[in-house]
Amino acid sequence: MAPQRVSRQQSQQQTRNRLIQVAEEMFAMGGVQALSLRSLCDAAGFTQGAFYSNFDSKEALLLAVLDRHIQREVGDLGALLEQTRDQPAEAALAAISRKLGDMAQDGRWSLLSIELQLHRHRDPGFDRASREMSAQNLDAFARLIDQLCMQHDLRPDLPPQDLARGLYALWSGMALQRDPEAARATGAARDAVFLAFLRSLTGIGRD
């Protein structure tokens, strides 16, 4: 059989995905400021022309990296909600807490989170753009929390948007405090913090 031809649109999407993948690794290792487009393109195997066919700037690439990462995590959490739909609420919250703990232990994300905050302070334009994207992703997390509460008839103390903001702040803080050497020892404690937060705000165990 003759090999299937890749369309121009498919080829461009593959190039874009490859640039995002390599950038995620390089941003975390060396930071946003230190990364040159030439080194990124060399590592990805493309020309700078290929880069500018997909992104206007290095900052636009960073936003794409962050967006892909968060969308991936939102997708994983959404799948987990479906898997725990028929389980008791306590079991569902425990599964979600373990997932959040695993996400916080991701070394690349913890470093990338630091880079994001630093770059926001350095570049007002990037700060505005990243906040717009963060607001969209916060809405996605809020919808997941709303779905969780509806599935298990939970009555949280706060609206889903506020719960999502608090949970994201807790998760980001845990990611920044990541300690690879103490990962096993702190894993259970980290999951317990997420579980206590979720139990408290969703009303589990309330008389």
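Some ground rules come before the details. Residues are numbered from 1 along each chain as its sequence is written, and side-chain values use heavy atoms, leaving out hydrogens and water. Since this is a predicted model, local features need pLDDT of at least 70 and side-chain atom pairs count only at pLDDT 80 or more, while totals for chains, interfaces and linings use all residues.

The chain has 9 helices and 0 strands, so from the N terminus on it reads α-α-α-α-α-α-α-α-α. Helices here are DSSP runs of H or I with at least four residues, strands are E runs of at least two, and both are numbered from the N terminus. Of the 207 residues, 43% are buried; that label means under 20% relative accessible area, with exposed set at over 50% and partly exposed in between (1.4 Å probe, protein chains only). Among contacts (heavy atoms within 4.5 Å) with a separation of 6 or more, 71% involve residues 24 or more positions apart.

On to the inside of the protein. In soluble globular proteins, nonpolar side chains tend to be buried together. A nonpolar core is counted as a set of buried Ala, Val, Leu, Ile, Met, Phe, Trp, Tyr and Cys residues joined through side-chain atoms within 4.5 Å. The largest such core holds 30 residues, and Leu77, Ile96, Leu100 and Phe194 touch the most other members. Elements giving two or more residues to this core are H4, helix H5 (89-104), H7, H8 and helix H9 (183-202), with H7 giving the most at 8 residues. Setting aside neighbours within four places in sequence, Phe194 is in contact with Ser97, Leu100, Gly101, Ala104, Leu167, Leu170, Trp171 and Met174. Apart from this core lies another, of 23 residues, including Leu35, Ala44, Leu63 and Leu66.

Next, the aromatics. The structure holds 3 aromatic pairs, where rings of Phe, Tyr and Trp (its six-membered ring) pair if their centres lie within 6.5 Å, and planes under 30 degrees apart count as stacked, over 60 as edge-to-face and the rest as tilted. Phe51 and Phe55 have ring centres 5.6 Å apart and planes at 35°, so they make a tilted pair. Both of these residues, Phe51 and Phe55, are buried, and ring pairs link Phe51, Tyr52 and Phe55 into a cluster. Phe141 and Tyr168 are tilted too, because their centres sit 6.2 Å apart with planes at 45°. Phe141 lies in helix H7 and Tyr168 in helix H8, so this pair ties together parts 27 residues apart in sequence. Phe141 counts as buried at 10% relative accessibility, whereas Tyr168, at 26%, counts as partly exposed.

Tyr168 turns up again at the largest pocket, where Arg120, Ser134, Ala135, Leu138 and Tyr168 lie nearest the centre among 16 lining residues. A pocket is an open set of points on a 1 Å grid over the protein atoms alone, where a 1.4 Å probe fits, with protein on both sides within 12 Å along at least five of seven lines; lining residues have an atom within 4 Å of a point. The space amounts to about 250 Å³. H7 gives the most to this lining, with 7 residues.

Finally, Asp153, in the loop between H7 and H8, has a positive phi of about 55° although it is not a glycine. Asp153 counts as exposed, at 52% relative accessibility.

Terms used
Grid points are joined across faces, edges and corners, and a volume is the space filled by probe spheres set on the points.
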